[in-house]
Amino acid sequence: MRTPTSTTGSAKRASLGAAITIEALDDDPFTIYQRLRDEEPVAWVPAAHAYLITRWDDVHRICRDAETFSAAVHDSPLSQSIGPNLLHSDGAYHDRLRAPLTEGLRPSVIKRTMEGAIRDTVRGLLAEFRPGEVVDLVTGFAQTLAVRVLQRVTGLPEMPVAVFTEWVDGIAAGAANYERDPDKQRRADEASAAVDDMLRDRLRLGPKPGTLLAGLTASGATFEEIAATTKLLIIGGMQEPRDLFGHALIAYLTDPAVRQEIDRDKTMIARLIEEALRIGAPVGTVTRRVTKPTRVAGQLLDEGSLVLAVLASANRDPTHWDEPDEFRLLRGHNQHLSFSAGVHACVGSMLARAQAHTALEELLTAYPAIQLAEEPVIRGWEFRGPTQLKVRLGNASGPSVGALAVAAHSAPAVPLRVLDIDRSSGDTAIITVGREKGGELPPWTPGAHVDLTFDHAGRTFRRSYSLCGDPADRSTWRFGVRRAAQSRGGSAFLVEELMTGARLEAAPPRNAFALTTAPACLLVAGGIGITPLLPMARSLAASGASWQLLYIGRDRDSIPFLDEVEALGPAAEIWTTKDRGRPVLTEWLGALPQGGQVYACGPSGLLDELTASVTGYSGISLRVERFGSPAGAAAAASGGRAFSVRLARTQKELMVPADRTLLETLEEAGVMVPSTCREGICGSCETAVLEGAVDHRDQVLSDEEKERGDLMLVCVSRCRGEHLTLDL
């Protein structure tokens, strides 16, 4: 890499550039850019090992003049971190890799394939919030939204947001490592290797049709090319929409004129986004290599010189913008360079805009009284955005988003205090709670669960847990939590960090898994699935009924509640697969008399096997409670033909498309239906059916209830004919 020769001009440049540090740029780049534009628009900055170019005309030229300023910079920090890549390449190589991305991210394609998914994701995230609470909308909302959209559009597997965040932070640190910090490069290398491992596993299964991975594979791209492109998508797909949302929301919350205009006319959100892009510039620079001696702003640059065209500075150049440091919603033009220009303009710019627009529209509709809770923290120069954006949500309004969470339970929440936590079972915590200020708790029956609410890491979690204590004890509730392998933060916090004395909330217990009278009962539990079955077993034993419990786990060391199950006596059998292999379920089912009832809770594989096995026994009924929806349930909920639905209380007629769920259609029409799981497993959206045949797809209603047909779970079930009438 060429550095300036020791000339008088170079000495002058060093007087400014030599004083610039990466830390100073991360803290406040715009003050530095203003001085460089005024005094030295082409500045050699040793800390960045490159020239910083800061005026609009020069930056615009560099972005478009590929003949003089080549993007093929194979020793750039980005290339060092992810290898040869689309962004730092030119010509046929660049065009070949970009083509499938351009096709998959065209505005019409995004509108057709992603717009609804983005809105649904936004609404689902907002539904986890409570009016009046303080949340960090960077870590607790925008980041999660970006990851979920990224996973869908690329075809990457669903993984915890924390994993993607770690990858983004690692690779982004390397991509901005102009100072050549070995620790940053190590982080980038580790993140890059982790993405490679994930991709190999994903591609072995075959890419999902219609995704960007499928397009890249069909184009003939090599694994190395797919991997590098995926890493670019991971960085841009998380960072750009997240930071754009943050910059726009900060402007709304801090500028009364902006807020007044947006509140008056929500269509102005499009202008809010463009001005936020200009003034915030989530991506700060583009890197180019000089291919031949050339002058920029009068300064001669040698062939081979590395230049950073500073997009963020060009966007505030007063020769191109009136009052460039002011946030103006109604600018006469807003032709900013935040997504670069020319053949290297950001291919995902419309997806980032779509995410930010939908997120702002839904958030400001749901929580019009939203206010800043703390001063935002904004950092970065190459990737600049809020690292913390804490807001107080205020009162909710609007029927389709955050208010749904509040409406999920008509009874008031029960304030709780953590009394005891038993963590002796490894990855499981057994938690005992009581009413916060003492007194009796609401009653419950075996099989019941509570919907628990708790705050952690700037967001509010809602999780359902089966009660496993003694229903006769009205002073305490007890439930077990196993740390989920793909935890989004909720179970991990409860198992590892929750402290005695902490405050929680829960809705009163609900029971969609109630114990009924039968000649004999078989209880089948897998792992933490023992929790609803423990009080059932105790109740059956106390009543003198005929019952057996089969408790399946890997080994005795990993089985929670082991002592309590053994105390149930010979009717309870503990089956360890490490020593005995998998049990033959048909042998257990065959021992049940006519009219026998099976209750089961555990992993989907166990429950699916039981469901298939019990079909061979006509006189036996099966009730299951799942940890999650069965494979394909989400897709199945929106699969089938279109049908119409009449709302009896208002006589409104709605059409449910084949690719939308009934619940989604109701929400879009402004009809509030409480829904917690949206997967047909919690029962909270149970709705009365007045007319029509139901195609039941839930895991809650009994066979008898489904046959009766007067109830349905609108999150997953559909119409078996052409029309339904609901009591709504």
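Predicted model: local features only at pLDDT ≥ 70, side-chain atom pairs only at ≥ 80, totals over all residues.
1. The lining holds 44 residues in total.

2. **Centre of the cavity.** Five residues of the lining lie nearest the centre of the largest cavity: Leu 87, Leu 232, Gly 236, Glu 240 and Cys 346.

3. **Volume and count.** The largest cavity holds about 760 Å³ of space.

4. Which element gives the largest share of the lining? α13 does, with nine residues. This helix spans 223-254. At least two lining residues each also come from α6 (91-104), α9 (138-154), β5 (285-290) and α17 (349-366).

5. How many disulfides does a search of the whole structure find? The search finds zero. Cys 63 is in none, and its nearest cysteine sulfur, in Cys 346, is 12 Å away. A disulfide needs the two sulfur atoms within 2.5 Å, so the 12 Å from the sulfur of Cys 346 to its closest partner, in Cys 63, is too far for a bond.

6. **The two cysteines.** Are Cys 63 and Cys 346 buried or partly exposed? Cys 63 is buried, at 6% relative accessible area. That value is under the 20% cut-off for buried. Cys 346 has 23% relative accessibility and so counts as partly exposed. Cys 346 is also one of the residues nearest the centre of the largest cavity.

Notes:
Residues numbered from 1 in each chain as written. Heavy atoms only, no water. 1 Å grid on protein atoms, 1.4 Å probe; cavity = no way out; pocket = protein on both sides within 12 Å on 5 of 7 lines; lining within 4 Å. Points joined across faces, edges and corners; volume = space filled by probe spheres on them. Helix = DSSP H or I, 4+ residues; strand = E, 2+ residues; numbered from the N terminus. Buried < 20%, exposed > 50% of the residue type's maximum accessible area, 1.4 Å probe, protein only.
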